[in-house]
Amino acid sequence: MFMLTVAITSLSGGQGKTTVSLFFGRKIASLGYYTLMVDADPQHNLTTYLGVELQPNQPTLLECLKKSVALEEGIYPKVIFNPGKPDTRL
Ligand SMILES: Nc1ncnc2c1ncn2[C@@H]1O[C@H](COP(=O)(O)OP(=O)(O)OP(=O)(O)O)[C@@H](O)[C@H]1O
Ligand SMILES: [Mg+2]
């Protein structure tokens, strides 16, 4: 199986990382590819935009990478896209 990994990153704030991630991920999924978006920003805006509401002390990927919580505790499964029927809420 072919797998492509794309990292959207910048040290500067407000450059459009989250926006590009959201729309790029949506586009790829709408073309029928299995798409996994990993939100590595502890502000977790992408997670929120995808409809997952985190409570104030809920762990993010940052806590997992710092090994303060198990990886499973920072993962919130959410199926957003049906490849044949792109989500149109955003
Ligand atoms: N192509 C674009 N044209 C106009 N405005 C844009 C575009 N892309 C993003 N924006 C706007 O720019 C602002 C910053 O975008 P975004 O939140 O995606 O940046 P970011 O790099 O993820 O920021 P942060 O570093 O805070 O996470 C937002 O208000 C967003 O709506
Ligand atoms: Mg962002």
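From the N terminus on, the elements of the protein run α-α-α, with three helices and zero strands in total. Helices (H or I, at least four residues) and strands (E, at least two) are DSSP runs, numbered from the N terminus. This is a predicted model, in which local features need pLDDT of at least 70, side-chain atom pairs count only at pLDDT 80 or more, and totals for chains, interfaces and linings use all residues. Residues are numbered from 1 along each chain as its sequence is written, while chains are lettered from A and ligands numbered from 1 in the order in which they are written.

**Overall packing**

- Of the 90 residues in the protein, 10% are buried. A residue is buried if 20 or more other C-beta atoms lie within 10 Å of its own, exposed if 12 or fewer, and partly exposed in between, with C-beta atoms placed from the backbone.
- Among contacts with a separation of 6 or more, 40% join residues 24 or more positions apart. Two residues are in contact if their C-beta atoms, placed from the backbone, lie within 7 Å.

**Surroundings of ligand 1**

- Ligand 1 is surrounded by Gly-13, Gly-14, Gln-15, Gly-16, Lys-17, Thr-18, Thr-19, Asp-41 and Gln-43. A residue is counted as near the molecule if its C-beta atom, placed from the backbone, lies within 6 Å of it.
- This shell holds no nonpolar, seven polar and two charged residues. In this division, Ala, Val, Leu, Ile, Met, Phe, Trp, Tyr, Cys and Pro count as nonpolar, Asp, Glu, Lys and Arg as charged, and the others, Gly among them, as polar.

**Lys-17 and helix H1**

- Lys-17, one of the residues around ligand 1, is found in helix H1 (residues 17-30).
- Lys-17 is partly exposed because 18 other C-beta atoms lie within 10 Å.
- Leaving aside neighbours within four places in sequence, Lys-17 is in contact with Ile-8, Thr-9 and Ser-10. Lys-17 and Ala-7, 10 residues apart in sequence, are 9.6 Å apart in space, C-alpha to C-alpha.
- At 1.5 Å a residue, the 14 residues of H1 should span 20 Å, which agrees with the 20 Å between its end C-alpha atoms. The expected span is 1.5 Å times one less than the number of residues in the helix.
- H1 is followed by Gly-32, which has a positive phi near 100°.

- His-44 is not a glycine, yet its phi is positive, at about 45°. His-44 lies in the loop between H1 and helix H2 (45-49), and it is buried because 20 other C-beta atoms lie within 10 Å.
- Lys-67, also a residue other than glycine, has a positive phi near 65°. Lys-67 lies in the segment after helix H3 (61-65) and counts as exposed because it has 8 C-beta neighbours inside 10 Å.

**Lys-78 after H3**

- Lys-78 lies in the segment after H3 and counts as exposed, because it has 10 C-beta neighbours inside 10 Å.
- Leaving aside neighbours within four places in sequence, Lys-78 is in contact with Leu-50, Gly-51 and Val-52. Lys-78 and Gly-51 are 27 residues apart in sequence but 8.2 Å apart in space, C-alpha to C-alpha.
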